[in-house]
Amino acid sequence: MTDKKLSLQDIILTLQQYWAKQGANLMQAYDNEVGAGTQSPYTFLRANGPEPWNAAYVQPSRRPADGRYGDNPNRLFQHHQFQVVMKPSPENIQELYLGSLEALGIKPLEHDIRFVEDNWENPSMGAAGIGWEVWLDGMEVTQFTYFQQVGGIEVDSVTAEVTYGLERLASYIQDVPTVYDLEWGNGVLYGDIFKEPEYEHSTYAFEKSDQHMLLRHFDEFEAEATRLLDLGLVHPAYDYILKSSHTFNLLDARGTVSVTERAGYLHRIRTMARKVSKVFIEERAKLGFPLLKDHDLRKKYLGENGKYTKENA
Amino acid sequence: MSTFLLEIGLEEVPAHLVTSSEGQLIERTKKFLTEHRLTVGAVKPYSTPRRLAIQLTDVAAESKSLSEEKRGPSIDRAKDDAGQWTKAALGFARGQGATPEDFETRDGYVWLTKHTEGVPAKDILAKIGDEVVSEMKFSTYMKWANNSFQYVRPIRWLVALLDKEVVDFNVLDVQTGRFTRGHRFLSNEHVEIPAAIEYVQTLKSANVIVDADERKHEISSQLTTIAKEHDWVLALDSDAAQDLLEEVNNIVEWPTAFSGGFDEKYLEIPDEVLITSMREHQRFFFVKNNEGDLLPYFLSVRNGNQEHLDNVIAGNEKVLVARLEDAEFFYKEDQTKSINDYMEKVKKLVFHEKIGTVYEHMQRTGALAKSLAQLLQFNDKQIADVTRVSDIYKFDLMTGMVGEFDELQGVMGEQYAKLFGENDAVATAIKEHYMPTSATGEIAQSDIGAVLAIADKLDAIVTFFAAGLIPSGSNDPYGLRRAATGIVRTLQDKQWHIALEPLLRQFIELQGTVAKVEVAVVLDFILDRVRKLTLDVGIRQDLVMAGINRAGSVDIVYIVDRIKTLATHSEDDNFRDVVEALTRVDRLAVKQVTNDKVNPALFENNAETELYQATDLFKVDYLVGRSEELYQALAKLQKPIARYFEETMVNSENDDVKNNRYAQLNVIHRLINKLGDLEQIVIK
């Protein structure tokens, strides 16, 4: 344990400073409901294609089915992830990660830190990766993934993704019995801020949501996303995919989606996710992959006539 | 003599792949050395989560030279009439990189001796990167950075030393050198290895025990010491403990064992839950007292030394307590509901999206289980139990506990069923219906459990096949082969003679679309498991196939019996004669299949009468289902059959005589059929 216990916002500030120094650009949390930092366009879209990308951001992540009315010590409707993506994956990414723990006052020699195999997959987004969960004295505090496939497409350049569960990490650092006892900052507790919304969101998701409206929205969002994809408007389309996904999660939490329908909805989201990855790469290629500076890689991926040269059907 | 060291430095390799990769590295290296004719003394492997290595001792200075004699054209073709070398001779010389001056003539041909010089060891070993390191195959692959090359985990460094000299090669952009890495935290990033022979010692001073066996031994001895100090019983010999030890060994490079504890109040939670939390989730070893009761303590291993061990213990205890707190919560919460509450939820649970819900699967299983119970002549109480358990046996899937600890499915079902007032037979069957859970796993012991286990697996196979989800190659994502093996092993263990063909035919007809599959396809799939199981006990392939073909109504127990009968008698002196006689009857009989009765009045010789009388002695009903007796009875026909064919032309010009003879052969043929397809047997 550290002598002075970092507040949750100190932890965020420390991680931001640390990763900014390692070359990550600090993004802001994406302003759309997502289930995980991975779904932010700063990860999901940017993991596609050959362009380098280094970013870090906090992402509030909504998982309606995990809501527990503010009663459970660990489970939340919405938790916070600190997300770092580095593409192409740097050679010393593990060491960089361990450095971030040191920055938080967690000295490896005083603990037991392990990289335990844990491969990650999100079938509805057509995404899969290879990696570990990181155990700190037996507690899983970070998910560490090398993306292999995004939107059903094998990646050109591998993104290393480091996802800290901020509540878990803070629980460890502050040594408190429940997330609601965490200090966010300046003496204000996590519970002071989030206990009420947790209760209300759980009540909404499990009991009060308007299913007819949600069902209608899903169809509308899907139609809009599909229409926009055909127009090559990647980012607005992606917003509607995220909205569809969150709407489905709300329906699922409400328990009204039947067995066969569930598979159908997931399939519809997956279809959109596959398409958006493809269109994203095409649109970036039209711009000439501006972030790709390496001469050889430009030649490899843009070919002679400036067109993306990898088969990605 | 020299020593060579190769070390592949990796990011943490999945624990379950470390040992097999070490084995693979040895095999590939040995093959590599043979191909290059490089002689070495010992090939010693090393492995940790972060490295795979081999050390070759007594490496020869160079590979063995090789002299090969190559024969060219015959002398008369090698020279033309003018005595000049022909095109054929010149071509032969060129092909071998020689000139005609090198020819020797012997035995009417021209010859060349091709001499390959030995190659220095260092030049050969420089190829080990391409020919061994890059060629390694793994069950999990990944690529990293901008590479398309795939490996189990990213390669971060390579050491290749021939004594004190670096052997130069690279894999991707990683160049070999003499620097390894010590323990992630206890040592420096880069550690120089002075000479190949000093590998183990160098790493030991960098806090890495690189010899996997030595490390494992160290772990068990540390664990045992702590257990002894506290007078705890640590059962390290069990399969599960050995698996855990193997896993832990491949997660640490410098092990330090420690113990921790938890509040006694959690001991109220069922042992299985506590053990799962400790062993499966936290990789802890549990301990018991001398009376066999679980104790509120655990043992674990840190990847590090004794310093600040208190932090590690406190952290691990906290994580375990959080899990036990959850378990205790679920255990109490689950009991406030009823089986009916859970069954309502099971109705919405997906079995497979192409098949339907778990509830529908249970209903089909119930129908099959009841058919089985009737065939097995269960009594009313047993039939009532089968009916009850079929209605509820998956209820625990919806409990909080199984939601959190899915490996406890069935186990919690049994516990909760008892708490909810179900009788013991029903509760036990809930647990046993998953059995066996592996190829050699325990088989359901109770009759109700065994019936349910068989029915549940049959329905899974039929419906997955009907949905086109059929295992192929090594790909069996739904464990259908394991299920089929489970059916065979359970029937065998219970010695239940069930005619699977009519049972499945009726079931498939009754269930309609969800079970729409050819009965024969399902039966072949199950029979293929019989083949595998009997081959595994060392029975000859041809005998196995003889027993499996012509499976009739597919009574698995009988089929296994007759395979064993054939295997036993295959050692008999007259086996060859018996099989030859019977297959001869078989081959002829199928040319004119008939069920007519034999009429002795139409016999034309004594051999016919003799065979008829020998056959007529058979108590056919008695022989059905008794392969040993059947074989012995048929074996007695060998001589009468031989004589019969010596004296009788079956295809008589008189149709009545001929038909009568086919009738006789068919009587025997029908019995042979019950022994299998003897044509498969290879007669030596």
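## Chain B: fold and spread

In chain B, 68% of the contacts with a separation of 6 or more are between residues 24 or more positions apart; a contact here means two C-beta atoms, placed from the backbone, within 7 Å. This is a predicted model, where local features need pLDDT of at least 70, side-chain atom pairs count only at pLDDT 80 or more, and totals for chains, interfaces and linings use all residues. Residues are numbered from 1 along each chain as its sequence is written, while chains are lettered from A and ligands numbered from 1 in the order in which they are written.

Chain B has 28 helices and 17 strands, taken as DSSP runs numbered from the N terminus (H or I of at least four residues for helices, E of at least two for strands). Its radius of gyration is 35 Å, well over the 26 Å that the globule rule gives for 684 residues, so chain B is more spread out than a compact globule. That radius is taken over C-alpha atoms, and the rule is 2.2 Å times the number of residues to the power 0.38. Along the principal axes, the C-alpha atoms of chain B fill a box of roughly 110 × 100 × 45 Å.

## Domains of chain B

An automatic or database assignment sets the domain bounds. Chain B splits into domain 1 (2–62 + 121–205), domain 2 (66–115), domain 3 (212–333), domain 4 (341–536) and domain 5 (560–680). The C-alpha centres of domain 1 and domain 3 of chain B sit 33 Å apart. Where these two touch, domain 1 puts in 13 residues and domain 3 puts in 9 residues.

On the domain 1 side, α1 (15–35) and β2 (43–48) of chain B are the elements giving two or more residues, and α1(B) gives the most, with 5 residues. By class, that side has 6 nonpolar, 5 polar and 2 charged residues. Nonpolar covers Ala, Val, Leu, Ile, Met, Phe, Trp, Tyr, Cys and Pro; charged is Asp, Glu, Lys and Arg; the others, Gly among them, are polar.

## Where B meets A

Chain B and chain A each bring 28 residues to their contact. On the chain B side, β15 (294–303) and α10 (309–335) are the elements giving two or more residues; α10(B) gives the most, with 5 residues. The chain B side has 10 nonpolar, 10 polar and 8 charged residues.

## Chain A and its β9

Chain A holds 8 helices and 11 strands. Its radius of gyration is 20 Å, close to the 20 Å that the globule rule gives for 313 residues, so chain A is as compact as a globular protein of that length. Buried residues make up 47% of chain A.

Take strand β9 (residues 160–165) of chain A: 6 of its 6 residues are buried. A:Ala160, A:Val162 and A:Tyr164 lie on one side, with A:Glu161, A:Thr163 and A:Gly165 on the other. β9(A) pairs antiparallel with β3 (residues 78–87) of chain A over 6 bridges, pairing being called when DSSP finds at least two bridges. In that pair, A:Gln83 stands opposite A:Thr163. Strand β7 (residues 139–150) of chain A also runs antiparallel to β9(A), joined by 5 bridges, and here A:Phe144 stands opposite A:Val162.

## Confidence

The predictor gives the complex an ipTM of 0.93 and a pTM of 0.82. Chain B has a mean pLDDT of 94, with 100% of its residues at 70 or more; pLDDT is the predictor's confidence in each residue, from 0 to 100.

Conventions: A residue is buried if 20 or more other C-beta atoms lie within 10 Å of its own, exposed if 12 or fewer, and partly exposed in between; C-beta atoms are placed from the backbone.
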